[in-house]
Amino acid sequence: MTAAAMVAEFDDVAAWTAEAVEDLGDEHAIPAACRGSASPAALAWLAEACELSAGDRLLDVGAGSGGPAAWAAKRFGVRPILLEPMPAAGRAASKLFGLPVLTADGQRIPLRTDSVDVAWCLGVLCTVEDKAAVLREIHRVLAPRASLGLLVVVADCPITDPPDGNHFPTQSELIDLLETSGFDVVEQIERPAAVPLSWTRRAQEVTALISARYRTHPAYTLASRQDTRLAALFDHGHLSLQLLHALSL
Ligand SMILES: C[S@@+](CC[C@H](N)C(=O)[O-])C[C@H]1O[C@@H](n2cnc3c(N)ncnc32)[C@H](O)[C@@H]1O
């Protein structure tokens, strides 16, 4: 994943987010650092589906700046390990939440086989070309019968002009990928739409501060183009956000 637009979207914006949260206050950190379009309702569904419990070792693959894992630690007492290839995003997660971060690719997870109690992978698969390689690695490090929680952007048909670096699976491709990578899909729902105003307000305040500071920066322009293209695909009904719970076989 080297597209300049994706570096802008996932690395530069993550660094700017950590900086903005520092100025606006810690209560902004989790909403602003959920970049996979996770929401409290989506995270709660995943946490309950995966039966998170205190002390569980939760691996968050493609953790970004760490909002979802920090939410799970705060609400459920899990011990997150973040894996994120973009260095500035990993630094943002350490700075915002003090969580341990492995700077690595999901295709080569530097953890022992069967060493993780539960894994999340939220908003990541559509940014990865070789999805099967990532899913096989997650399967390797997960204990047998352990839970995988996914948030996936699913396409209703092959998308010919996606945002740079995105490869959206169709529903049947996604299920096929999970099954051939050793997972049993237990349940799937469309991401609940409702997000409390208290959450969106904090996320929007961070976005507004970043815009005020960086809107003339080339990386900001690139990241905004990605967002605009993605929003258009959602508006036209070609994409949907799906939550899945799977078990490693
Ligand atoms: C849309 S963001 C989601 C971040 C986070 N999971 C969240 O929900 O806030 C996608 C993330 O996947 C990461 N990513 C992309 N390719 C990856 C790969 N091959 N292995 C692991 N992470 C990857 C990106 O760097 C980015 O942080």
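Is the crossing of α1 and α5 left-handed or right-handed? A few notes on that and on the packing around it.

1. This is a predicted model, where local features need pLDDT of at least 70, side-chain atom pairs count only at pLDDT 80 or more, and totals for chains, interfaces and linings use all residues. Numbering runs from 1 along each chain as its sequence is written, and side-chain values use heavy atoms, with hydrogens and water left out.

2. The crossing of α1 and α5 is left-handed (the near helix is turned anticlockwise from the far one by less than a right angle). Helix α1 covers residues 4–24 and helix α5 residues 87–97; they pack at about 20°, axes 7 Å apart. The pair is therefore roughly parallel (an angle under 35 degrees).

3. Who touches whom? On the α1 side the contact (heavy atoms within 4.5 Å) includes F10, A14 and V21; α5 brings P87, A92 and L96, among others. The contact residues split into ten nonpolar, no polar and three charged.

4. Buried here means under 20% relative accessible area with a 1.4 Å probe, protein chains only.

5. Helix α6 (131–141) is mostly covered, with eight of its eleven residues buried. K131 and E137 are among them. The buried residues pack against β1, β4, β5, α7 and β6.

How values were computed
Axes are lines fitted to C-alpha atoms, for helices over the stretch in contact, and angles run from 0 to 180 degrees between N-to-C directions. Helices (H or I, at least four residues) and strands (E, at least two) are DSSP runs, numbered from the N terminus. Angles under 35 degrees count as roughly parallel, over 145 as roughly antiparallel, 65 to 115 as roughly perpendicular and the rest as oblique. Ala, Val, Leu, Ile, Met, Phe, Trp, Tyr, Cys and Pro count as nonpolar, Asp, Glu, Lys and Arg as charged, and the others, Gly among them, as polar. Buried means under 20% relative accessible area, exposed over 50%, partly exposed in between (1.4 Å probe, protein chains only).
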